[in-house]
Amino acid sequence: MSQHTSADVIVVGLGVAGESIGGQLAKAGLDVVGIESELVGGECPYWGCIPSKMMIRAANLLAEARRIPGMAGSVSDISPDWSPVAERIRKEATDTWDDTVAVERFQDAGGHFIRGQAKILDTKRVEIDGQVIEARKALVITTGTAASIPPIPGLKDTPYWTNREAIATETLPKSLLVIGAGAIGCEIGQTFARFGVDVTIADAADRVLPLEEPDSSKVIADVFEKEGIGVRVGLGIERVEHSDNEFRVFTKDGGDPLVAEKLLIATGRRARVDEQTLTSLGLSGKPGPLPVDDRLRVTDGVWAAGDVAGKGAFTHVATYHADIVVRDILGQPGPAAQYHALPRVSFTDPEVGSVGLTESQAREQGISVATGSAQTASSSRGWIHKAGNEGFIKLVVDADQDIIVGATSIGPCGGEVLSALSVAVHARVPVSTLESMIYAYPTFHRGIQDAIRHLRADQNGK
């Protein structure tokens, strides 16, 4: 262990945000101690974004192969094989869940690394394995989130999966029940189904992807039905049992239990903040995300960034926060945090990209809302694409200001098309400007122009 008794900066948690902050500050010449109890790099490279997208890429290849008939000939045999996927995750993404390279990267930047569980004593001091280290300039808390496990009777004592076990599995089950129909549950569920697993996705909400536009939920639900994925929404769960290598989930509607070999819990994430940490920082309330201002300051000398700041559990938010924290600690100029154009993508097939406000959120804020939409399949590129062309582009517009305040892009490249919409929402580009620009043909993003035309036709009563 490092024998530091003090440092300019202590970073507790070296996930995406913490590693970036610590590394940048160390390169700037500050004495930085970084503490991590698990793997340097955090959830994203080992159990989240990177390996899950490798799984999805493989599953999408299988889906594309199944779309060949009627478009490019015939396919005599498609034989899914999980072993190369699992091997790629081990070798290319996670080094078999070994963070040696990441630790060395942090140390090469000039940071001092300590492996262990930190206890925050106050706004300046941290204890780890009996050693107390004091932050002379800044304490940065980037402890991230963990899977949130609902208090379902019987669940605790069963071998259920979270995203971590699903990502790390080397063999697929015959059947999988997913509790939670958000992005994680839908992505993993669809991936496993395309590899031949009998998948059912259940949620207490009344639709899949409940945070997205209702039309997005319908598109994905329809695709799931075509692919043989069971969807049970509006479902209350009474209890869980496990025996003989089988899960049985009993529902409050009194019907037959849902039965599967494996059970994946994908019901959200919780901030890694306990009551002791809140008390030590002089904060009150229940454990949860740390309160931050627009410079990610929690209190004098303390910053929080990434998932633990409660502004969106996304890697892109963590990296965005990291740059703001670094500038603030170094006293450099730069913009404060803004979230009016926060983008997100559910990497289902089709991809669901969204930015800013949904239509219902905009109306709840009292905005004078106008909308425009265009079906992906009706566009030239969508028609050409044919199989797998489900989707649409929807614009949520502040009619008084003539700016887009939210948008959805769902389709074969929904997350990529979202980039243009994110720029428009972030920069508050007038719709009239977007209306008059040139859109490359034939592209999926050209659907933005079609959605604007629909918007204007509605506004003009045509």
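In which loop is Pro-442 found? Select Pro-442 and you'll land in the loop between helix H14 (431-436) and helix H15 (447-459). Helices here are DSSP runs of H or I with at least four residues, strands are runs of E with at least two, and both are numbered from the N terminus. Now show the backbone: the peptide bond from Tyr-441 to Pro-442 is cis, with omega near -10 degrees.

Before moving on, a word on what you're looking at: this is a predicted model, where local features need pLDDT of at least 70, side-chain atom pairs count only at pLDDT 80 or more, and totals for chains, interfaces and linings use all residues. Residues are numbered from 1 along each chain as its sequence is written, and side-chain values use heavy atoms, with hydrogens and water left out.

Next, pick Pro-350, in the loop between S18 and S19. The peptide bond leading from Asp-349 to Pro-350 is cis, with omega near 5 degrees. Why stop for these? Because most peptide bonds are trans, and most residues other than glycine have a negative phi.

Select Asp-95, in the loop between helix H4 (83-94) and helix H5 (100-108). Asp-95 isn't a glycine, yet its phi is positive, about 50 degrees. With a relative accessible area of 39%, Asp-95 is partly exposed (buried means under 20% relative accessible area, exposed over 50%, and partly exposed in between, using a 1.4 Å probe and protein chains only).

Then jump to Asp-402, found in the loop between strand S21 (392-398) and strand S22 (403-411). Asp-402 also isn't a glycine and has a positive phi of about 60 degrees. Is Asp-402 buried or exposed? At 19% relative accessibility, Asp-402 counts as buried.

Colour helix H3 (residues 49-66) and helix H7 (residues 183-194). Their axes come within 9 Å and cross at roughly 45 degrees. Axes are lines fitted to C-alpha atoms, for helices over the stretch in contact, and the angles run from 0 to 180 degrees between N-to-C directions. That angle makes H3 oblique to H7 (under 35 degrees is roughly parallel, over 145 roughly antiparallel, 65 to 115 roughly perpendicular, and the rest oblique). The crossing of H3 and H7 is left-handed, meaning that the near helix is turned anticlockwise from the far one by less than a right angle.

Show some side chains between them. On the H3 side, the residues that meet H7 include Met-55, Ile-56 and Leu-62; on the H7 side, Phe-192 is one of the partners. Contact here means heavy atoms within 4.5 Å. The residues of this H3 and H7 contact divide into six nonpolar, three polar and four charged. (Ala, Val, Leu, Ile, Met, Phe, Trp, Tyr, Cys and Pro count as nonpolar, Asp, Glu, Lys and Arg as charged, and the others, Gly among them, as polar.)

**Aromatic stops**

How many aromatic pairs does a search of the whole structure find? It finds five. Rings of Phe, Tyr and Trp (its six-membered ring) pair if their centres lie within 6.5 Å; planes under 30 degrees apart are stacked, over 60 edge-to-face, and the rest tilted.

Trp-161 and Phe-192 make an edge-to-face pair, 6.3 Å centre to centre with 90 degrees between the planes. This pair links distant parts of the chain, 31 residues apart: Trp-161 is in the loop between strand S7 (145-147) and helix H6 (163-168), and Phe-192 is in helix H7. Trp-161 is buried at 8% relative accessible area, and Phe-192 is buried at 0%.

Tyr-320 is partly exposed at 32%, and Tyr-339 is partly exposed at 28%. Leaving out residues up to four places away in sequence, Tyr-320 also touches Ala-336, Ala-337 and Gln-338, among others.

**Last stop**

Select Thr-358, in the loop between strand S19 (351-356) and helix H11 (359-364). Thr-358 is buried, with a relative accessible area of 8%. Show its neighbours: not counting residues up to four places away in sequence, Thr-358 touches Leu-211, Glu-213, Arg-344 and Val-396.
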